[in-house]
Amino acid sequence: MTGPSQSSSSGAFAARLRRSYIIFTLSFVVLILVLGWQESRGLPSQWVGYAFLLSTVCLYAFIGIICRTSDAREYYVAGRAVPAFYNGMATAADWMSVASFMGIAGTLYMTGYNGLAFVMGWTGGYVLLALLLAPYLRKFGQYTIPDFMGARYGGNMARMAGVLCATLCSLIYLVAQVYGIGMITSRLTSMSFELGILIALGGMLVCSFLGGMRAVTWTQVGQYIIMLVAYLVPVVWLSVKHAQTPVPQVAATRMLPTIDLLNNEVLRDPGEIEVRALWAARADAMQARLDALPQSWATERAKMRTELHVLQAQRSSWVDIRILERELANYPENALAARDQWIKARNTYRARAAPPTAQGPPFPSADSEARALQQRNFLALAFCLMLGTAGMPHILMRSYTTRSVSGARRSVFWCLFFILLLYSLTPAMALFVKFEVYTQLVGTRFDELPIWANGWSRLDVQLLDVVDLNRDGVVQLAEIVLSNDMVVLALADVGGLPYVVSALVAVGALAAALSTADGLLLTVSNALSHDVWFRFWSPSMHAARRVLISKGLLLLVAFLTAWGASRVNASILALVSAAFSFAASSFFPALVMGIFWKRANKWGAISGMVVGLTVTALYMSLDSTFMRHTLLHLPLDAPSLLWFGIEPIAAGIFGAPAAFATIVVVSLLTPRPDPATNALVDFIRYPGAGMPPSTTESVSDEWADTSR
Amino acid sequence: MWRRNLIYIAVLLSAWLGINVGVVLLADCFESGAVAGRRAYWVAAYWAPVSYLALIGIYLWLMRTHRRQP
């Protein structure tokens, strides 16, 4: 219960917060209006980008400076004083990664109904979080998730297993965020990818380095506001433009049948049919090469060399010779590498030859078997993401920052509410971009392409590639490749909105990447400093020194991640999905069993996490060349190894049940947990329960720390 | 007290499971308008996530009512 003086002080605090964030929102809106006005008066778009980037990064740094702290409780858990409403908003920002902000609309654009597995998966997990984990972690009331593992399962081994899992899930996710930051800053200011990463990292570090969780929480609330404005402005604008209503969801409902009609019209266009046939021919040629492996590897290379000699002898065009020379330089080193490269090429050509996915109908396929497979994959991905959501350590950590157990529950409610505010706009975004592409780009002559199309192609052909395959001078849908990540970033450009709106969207995406990266950085550095350094190596360390070490580790992890991101060669969505699969198969089973099954013990939890992670990692690599050829010695043309046809993106759906089963079996085969552990579980389960009897060193240490 | 909490959780998780599986298995019925005349796309995009929020809201309400009881 809060006393009268405490509740009046918390009321004053809430009023101060409300006032601060209203001023923050108004200032941001004024900034947009001023930059928009300046743009209309001739300010170059690059300057608009710089102004947006600098002002927001400086703002984050400013919050970091005013929230700086060396107090362990403030640094690790924001003093456990964040009201549920603001904690929900900060968690929503923590959650809205660059994959959520940019990837969902892009996936919906590409895959229609099937992409909704991401929307359902990333929202349905919050039910698990609210019902099964958040209130109990808050009742436990420590600093990190490995803390819970150490106390509940006893000893450093369980804690270290927790540290390893937290670091693995968070680092993979962090690399994806930092990669996204580099992409956005280079788009916003035209600077190099690596420089963009360094500048954004600077802003992020000033915030988390100086103020830890306290600074990160209040920055994330501001970042959520920026994300919401960045989503709302272009979507509402386009909604009014296309459907004369400011409610994007209503506009999208009206436009869905039109888009499916346009889709059908495009499919009947002779030019479109011709281009798709050309892609199909290329896919067949690639398949013929694959069928003739390993001989085709040598014959194709010899053919290309002969062709090059002929071109050189005929003194053909310099461009043609250079293209062939480059192809030869990139020619696969051996038959194995050729298999990988040619399978990729064949799949790309097949995808481009296939008719575009209709936006509305679920599981579109003429074949009932393929339809059933799509249904299975939809369910598997949605459940995998749900379990992963409930097991992501940077989201679980936010349960510690609320004032009370009920506050932790309310915080999850507000978090999902704020996430839904943004997610409910993504289907509309996907539909608006699709409508613009179908009506503005398809059918245009190549020499009359819009400026934005040329601009994005020049920046990176992987983002947008338009190629005249049938050389008729007219753009067909099958001649356009639009990257998933492009859909949101290009929304304003495609819709013909001013550059200031484009920059606003990029700043929103940057806020999404930075907010998640901040949370992940803290998760990793706190796990290393608190659980490894303090709990394991130096338990007598002073709190201030612990914070100092955490800050040092934070710097180290940030730079290592930046280095990793500059070398990564995977899509953001693939990295993020891997992180969710690992979280689903490691933390989620161990935490849930720790709370709901008293018989679960250390050996069960550790072996469950190991088995869960191993099954997930193995399934992810099941179709890779290394696994198939080097380990399993399968022939090159052996069929796919996937179980029930489930794609590796949902690998956690196999890892999680394996982990649950292992925890049960191993726990039953090994000794029961001691009475102190049972008392701890009772304490966590009952809201009014007092401290448990501290009979083990580990547990007593935890509670002593809580009371400080 | 713990038992009642478990019952709440079991009921709400069953509803959650029913929503997830139902959205996928009944997609054709939604699409044809046989169920509530809605399109499958909108059910999965808007109604499923909103129902998750409602489930959490119901749990909050149940726990608050539960705490007030003597």
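**Notebook: a two-chain predicted model**

I began with the domain assignment of chain A, which gives domain 1 (8-243 + 377-428 + 499-673) and domain 2 (281-371); the bounds come from an automatic or database domain assignment. The C-alpha centres of these two domains of chain A lie 38 Å apart.

**Between the domains**

I looked up the contact between domain 1 and domain 2 of chain A and found eight residues from domain 1 and eleven residues from domain 2. Two residues are in contact if their C-beta atoms, placed from the backbone, lie within 7 Å. On the domain 1 side, helix 5 (98-111) and helix 27 (625-631) of chain A each give two or more residues. Helices here are DSSP runs (H or I, at least four residues), numbered from the N terminus.

**Between the chains**

Next I turned to the two chains: 34 residues of chain A are in contact with 29 residues of chain B. On the chain A side, the elements giving two or more residues are helix 6 (116-140), helix 10 (248-268), helix 15 (368-391) and helix 17 (405-423). I sorted that side by class and got 23 nonpolar, eight polar and three charged residues. Ala, Val, Leu, Ile, Met, Phe, Trp, Tyr, Cys and Pro count as nonpolar, Asp, Glu, Lys and Arg as charged, and the others, Gly among them, as polar.

**Ala382(A)**

I picked Ala382(A), in helix 15 of chain A. Why is Ala382(A) buried? I counted 27 other C-beta atoms within 10 Å of Ala382(A), so this residue is buried (20 or more is buried, 12 or fewer exposed, in between partly exposed, with C-beta atoms placed from the backbone). Leaving out residues up to four places away in sequence, Ala382(A) touches Ala117(A), Met120(A), Gly121(A), Gly124(A) and Asn20(B).

**Leu497(A)**

I then visited Leu497(A), in the loop between helix 21 (491-494) and helix 22 (499-537) of chain A. Leu497(A) is partly exposed because it has 18 C-beta neighbours inside 10 Å. Its C-alpha lies 8.4 Å from that of Trp237(A), 260 residues apart along the chain.

**Confidence**

Last, I checked the scores: ipTM is 0.94 and pTM 0.87.

Terms used
Residues are numbered from 1 along each chain as its sequence is written. Chains are lettered from A and ligands numbered from 1 in the order in which they are written. This is a predicted model: local features need pLDDT of at least 70, side-chain atom pairs count only at pLDDT 80 or more; totals for chains, interfaces and linings use all residues.
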